[in-house]
Amino acid sequence: MRIRKATKRDILKLIMIVKGVKSIEDYPGEYNKLLFEGILKDKDTILLVAEIDKEIVGFEEIKIDRKAKRIYGESLAVSKKFRGKGVGKQLFSKLEGYAKKYNIKRISLLVREWNIPMNKLAKSNNYKISDKFNFWEKK
């Protein structure tokens, strides 16, 4: 497996991966070409892709807040066909690698309650649910 920074050429495949999640409506905002182009241009965001045999099988969006000394795992998605094969773990380890690279001690994740695999991955890596934030929304 190879993990590398995403490019504009990857956007269509990333959109296809996102559409394979439980429900696209469960994600804030709309994952489209314009959104991914913005992510790629953001100097504080790293967008990684995981490839197996030159096929993009997953991605992770990492946001770095150097001023607050915090790194955020914004999004992590893996193609259905490749789930349970360690792709998420490999991408997740890159998040922690960037935290070390930038000497950041606080890593935050936003994980939906229904995303059981990601909740398990976070727990297995000794992450704890924070009591510092409440997630509020209005419909």
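Visitor: Which residues does Ile 62 touch, not counting residues up to four places away in sequence?

Guide: Contact means heavy atoms within 4.5 Å. By that rule, Ile 62 touches Asp 44, Thr 45, Ile 46, Leu 48, Ile 71, Tyr 72, Lys 94, Leu 95 and Tyr 98. A word on the source: this is a predicted model, where local features need pLDDT of at least 70, side-chain atom pairs count only at pLDDT 80 or more, and totals for chains, interfaces and linings use all residues. Residues are numbered from 1 along each chain as its sequence is written, and side-chain values use heavy atoms, with hydrogens and water left out.

Visitor: What is the strand order in the open sheet?

Guide: Strands of a sheet pair through backbone hydrogen bonds, either parallel or antiparallel. Here, helices (H or I, at least four residues) and strands (E, at least two) are DSSP runs, numbered from the N terminus. Two strands pair if DSSP finds at least two bridges between them. This open sheet has five strands in the order β1-β2-β3-β4-β5, and the pairing is mixed. β1 (2-5) and β5 (106-109) stand at the edges with a single partner strand each, so one side of each has no neighbour in the sheet. From one strand to the next, the twist averages 25°. For angles, axes are lines fitted to C-alpha atoms, for helices over the stretch in contact, and values run from 0 to 180 degrees between N-to-C directions.

Visitor: How many bridges join β4 to β5?

Guide: Four bridges join β4 (residues 70-78) to β5, and the two run parallel. Look at Gly 73: its bridge partner in β5 is Leu 109.

Visitor: Where do helices α1 and α3 come in?

Guide: Take α1 (residues 11-18): this helix lies across β2 (45-52), β3 (55-65) and β4, at about 90° to β3. Helix α3 (residues 87-101) carries the chain from β4 to β5 in a right-handed β-α-β crossover. Right-handed means that, with the strands pointing away from the viewer, the path from the first strand over the helix to the second runs clockwise.

Visitor: Which residues touch the most other members of the largest nonpolar core?

Guide: In soluble globular proteins, nonpolar side chains tend to be buried together. A nonpolar core is a set of buried Ala, Val, Leu, Ile, Met, Phe, Trp, Tyr and Cys residues joined through side-chain atoms within 4.5 Å. Buried means under 20% relative accessible area, exposed over 50%, partly exposed in between (1.4 Å probe, protein chains only). The largest core has 22 residues, and Leu 48, Ile 62, Ile 71, Val 87, Leu 91 and Phe 92 touch the most other members. Its largest share, six residues, comes from α3. A second, separate core of 14 residues includes Ala 6, Ile 11, Ile 17 and Tyr 31.

Visitor: How many salt bridges does a search of the whole structure find?

Guide: A salt bridge is a side-chain nitrogen of Lys or Arg within 4 Å of a carboxyl oxygen of Asp or Glu. The search finds eight. In one of them, Arg 4 meets Asp 10, with the closest N and O atoms 2.8 Å apart. Both of these residues are buried. Arg 4 also bridges to Glu 51, at 3.0 Å between the closest N and O atoms. That pair links β1 to β2, 47 residues apart.

Visitor: Are Lys 63 and Asp 42 buried or partly exposed?

Guide: Lys 63 counts as partly exposed because its relative accessibility is 27%. Asp 42, at 24%, also counts as partly exposed. Their side chains meet in a salt bridge (2.5 Å, N to O).
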